[in-house]
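Good morning, everyone, and thank you for making the time. Please take a look at the model on the screen, and then I will walk you through some of its contacts.

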Amino acid sequence: MTKRLFVKGNEAVAMAAIEAGCRYYFGYPITPQSDIPEYLSREFPRLNGEFIQAESEVASINMLLGASATGVRAMTSSSSPGISLKQEGISYMAGSELPGVIVNVSRSGPGLGGIDASQSDYFQAVKGGGHGGYHIVVLAPASVQEMYDLTMLAFDLVDIYRMPAMVLADSVVGQMKEPLVPNSRPATDLPAKEWAVRGKGDGEQRVVKSLFLGDGELEAHNWKLHRKYQDLKSHECRWEAFHTDDADLLVSAFGSTARIAKTAIMMAREEGLKVGLLRPITLYPFPERAFADVTARTKKVLVVELNTGQMVEDVRLSVARDAEVGFYGRPPGAGSLPTPEELLEQIKKNY
Amino acid sequence: MRYDLFIAGFGGQGALLAGNLLSYAAIIEGKNVSFFPSYGVEKRGGAAMCTVVIADGDVGSPVIGNPSVMIVLNQTSLDKFGAKVKPGGVCIVNTSLVNLDAFERSDIEIIRVPMNEIAMELGDARMVNMVAVGVYAAKTGAVNPAALEEALKSALPERNHKFIPANMKAIIAGTEFAASKSS
């Protein structure tokens, strides 16, 4: 067996970025994700990488846009208030079809809010946080291993689909330490970046832009983006199913909340209650099919979130028509992280 | 098998190092583990807590509402968290700093350990956390002492490896204390 390391979730993100070949990082410090820039600022110099602590979040996302336009693997990371500032740049990247990995180790809001775990950025992440009706890939890690593996996957997906991706974590998965197998970068067939700007020389002119003024040009561009989102839905949905086969009640949660729910489900199973968990790993594309399939049999669903109800809307749109979807959530903030015991009570109430 | 543990003390007592050490030992034994720390904004003197969940299979939640075992290193931690120990669970209390007179829990096992005194007798007051780890390991069998000794190499920075024998002595003192209480 490969030696297992014992690392923080945030460090796992940074390690995966390096293994994925990312050598350009632009960011601005904010709790609870600063371990990521700390790690990369230490490691990049000896790897001939470029680490820039920018003057602001707005600057760092635009540096990411610029680096990505040259065809290199690049990333930024921040936490909720900083991610809000980056939305304009993310919209421009989506419009320009630029790859790029954005990590949100989210914290509670609105505004400066607090530094505790939160899932209140779900809507912002999956519905296109900036203007223009775009989407980005959104991955939701629930363990330190997934912080690593999904960051690695994000770098491949952005290159394959030519669009930005977000790793949507929170301060629990960011700060906790767990065993990690630092998997090698998988061999993936990646399309050549024939669009990347590189100085014209004798070659053809290449332009990376999100401005399309010609008659019909922008509509065609948006249809193209739309087709990519359909492709993502067909090919890239990922989820974890835990004891769903015989479940009378299906619990659904993502990220750290899914971990808490899992223990509650194990406790419920010990008491003889048939409860299962469906955990979306890709929040965009949302695993609609998986929900339709499980709820063809299991008619009771309980969605649990660390917010007052966001993913539950996508669950309601995905389940079988005769499934009942209940919700339990608490707004994020110091002391509001639910315990397994608390979720067990909710399971019993909804069973 | 699953073991969940909550350790609480003030900054500087080594609550987080104790949690880290147990986690490394669990990894050495091929188990799964989750370590979730929380602490105040102060460097020293603030609260320092962590949850450690060790399991052969799926670890599940990194946070626990009612831990099966709690290690309480100072008075504030007992006052704040003592009521949360799971009924039928175990509370390992540092009686050097904690007064149990007002603590009324007859539904849990309380192990009274004068950790500071034991550490001082070994010549180093900073070993309080290691005594606690020893008591915990002996009481629960969550990890074995050999794995703890190996784990110290990972949990302590290289410059402190010369203190491994002293740490190990404190861990053994803890296991022996636990054994004397249960016999």
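I would like to begin in chain B, where B:Met130, B:Val131, B:Ala132, B:Val133, B:Gly134, B:Val135, B:Ala137, B:Ala138 and B:Lys139 of helix 4 meet B:Asn167, B:Ala170, B:Ile171, B:Ile172, B:Ala173, B:Gly174, B:Thr175, B:Phe177, B:Ala178 and B:Ala179 of helix 6. Contact here asks for C-beta atoms, placed from the backbone, within 7 Å, and helices (H or I, at least four residues) and strands (E, at least two) are DSSP runs numbered from the N terminus. By class, this contact of helix 4 of chain B with helix 6 of chain B has 14 nonpolar, four polar and one charged residues, where Ala, Val, Leu, Ile, Met, Phe, Trp, Tyr, Cys and Pro count as nonpolar, Asp, Glu, Lys and Arg as charged, and the others, Gly among them, as polar.

This is a predicted model, in which local features need pLDDT of at least 70 and side-chain atom pairs count only at pLDDT 80 or more, while totals for chains, interfaces and linings use all residues. Residues are numbered from 1 along each chain as its sequence is written, and chains are lettered from A and ligands numbered from 1 in the order in which they are written.

Turning to chain A, we find twelve helices and 14 strands. Its domain assignment, automatic or from a database, gives domain 1 (5-183 + 223-235) and domain 2 (240-350). The C-alpha centres of domain 1 and domain 2 of chain A lie 26 Å apart, and their contact takes 26 residues from domain 1 and 22 residues from domain 2. On the domain 1 side, helix 5 (122-126), strand 6 (137-139), strand 7 (164-170), helix 7 and helix 8 (217-235) of chain A give two or more residues, and the largest share, four residues, comes from helix 5 of chain A. That side of domain 1 of chain A has 17 nonpolar, six polar and three charged residues.

Note on methods
Contact = placed C-beta atoms within 7 Å.
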